[in-house]
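Morning, everyone. Please bring the model up on your screens.

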Amino acid sequence: MSHTNLVVLTGAGISAESGVPTFRASDGLWCGHRVEDVATPEGYAADPALVQDFYNQRRRQLAEVRPNAAHRALADLATRWEGDFLLVTQNVDDLHDRANEAMPPAAGFELIHMHGELLKGRCTRSGVVMDWAGDMAADEASPHHPEGVMRPHIVWFGEMPLQMERIERALEACDLFVSIGTSGAVYPAAGFVQAAQYAGARTVEINLEPTSGARLFDEGVYGPATQAVPAFFSTL
Ligand code: OAD
């Protein structure tokens with residue numbers, strides 16, 4: 001089967017074998033914290049130091065992890081895909097970016113971090129986004145506005161994911177949609193499969209195990225991402 005316009009959605013499962021923990025652990029906590037405390041605007045307003053510390057730790061951990069065979073398989077695909085290829089990740093790590101740097105992608109490729117990036121900060125007053133590699137203080141002054149402070153460039157619950165119009169356009173035009181390592185628990189990403197199906201695309205779920213939304217997909221490929229992702233894309 002040949003395809004022209006590809007949209008791939010990735011979630012925490014693609015980075016799990018690199019050593020980045022997934023979100024929905026059985027204790028309902030993210031690394032010992034309640035989601036409301038570290039991933040909402042209200043949590044940030046209540047305790048900016050706690051929230052900055054949480055993301056400072058995650059940013060530091062990026063130095064200890066590397067892209068795995070699944071990230072590399074997508075980067076390799078991007079170099080040889082002849083149509084449009086939009087890779088949308090919910091992950092805030094930089095593992096797709098690093099895999100792509102090693103293999104510069106073709107012209108029709110684009111990567112969107114719809115939930116933001118750990119390695120970026122945003123001015124609370126001007127909205128300017130800038131690269132941020134080190135720690136961020138609770139009262140980190142913004143170079144972009146005299147009254148602004150820097151916050152993590154992360155989409156928290158209650159905030160709008162990034163570049164949704166661009167993503168919706170790609171879903172309307174895609175003929176293959178592949179969802180990798182995501183539980184499908186968080187909208188709007190969880191609804192992408194239906195948008196792709198509406199556009200007439202073939203839809204595939206790749207995950208360690210069938211998710212609660214597995215029946216929404218035409219096909220499922222189950223196994224660890226480092227094996228299942230290279231195996232699936234080698235068949236295209
Ligand atoms: P989840 O933690 O909800 O789901 C991770 C998925 O990865 C599960 O379906 C696992 O079965 C699967 N998985 C785990 N290990 C895997 C492996 N080695 N190979 C393949 N699959 C594996 O993470 P997400 O779906 O990414 O949002 O979570 C979505 C969003 O929820 C996150 O982006 C975050 C969170 O709220 C924000 O921070 C805004």
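Start at Val 7. Which residue stands opposite Val 7 in E7? That residue is Phe 177. Keep in mind that this is a predicted model.

Strand E1 covers residues 6-10, and strand E7 covers residues 176-180. The two pair in the parallel sense, over five bridges.

Now zoom out. E1 and E7 belong to an open sheet of six strands. Read across, the order is E3-E2-E1-E7-E8-E9, and the pairing is parallel. Which strands stand at the edges? They are E3, residues 109-113, and E9, residues 219-222. Each has a single partner strand, so one side of each is left without a neighbour in the sheet. On average, neighbouring strands here are turned by 15 degrees against each other, direction ignored.

Next, the helices. Helix H6, residues 95-102, packs on the sheet and touches E1, E2 and E3. Its direction makes about 160 degrees with that of E3. Helix H9, residues 225-233, lies across E1, E7, E8 and E9. H9 runs at about 155 degrees to E8.

Back to H6, which has a helix partner. The axes of H5, residues 69-80, and H6 come within 8 Å. They cross at roughly 50 degrees, and the two helices are therefore oblique to each other. The crossing is right-handed.

Who meets whom? From H5 come His 71, Arg 72, Leu 74 and Ala 75. From H6 come Leu 95, His 96, Ala 99 and Asn 100. The residues of this contact divide into four nonpolar, three polar and one charged.

Technical notes
Residues numbered from 1 in each chain as written. Predicted model: local features only at pLDDT ≥ 70, side-chain atom pairs only at ≥ 80, totals over all residues. Heavy atoms only, no water. Pairing = 2+ DSSP bridges. Helix = DSSP H or I, 4+ residues; strand = E, 2+ residues; numbered from the N terminus. Axes fitted to C-alpha atoms, helices over the stretch in contact; angles between N-to-C directions. Contact = heavy atoms within 4.5 Å. Parallel < 35°, antiparallel > 145°, perpendicular 65-115°, else oblique. Left-handed = near helix turned anticlockwise from the far one by under 90°. Nonpolar A, V, L, I, M, F, W, Y, C, P; charged D, E, K, R; others polar.
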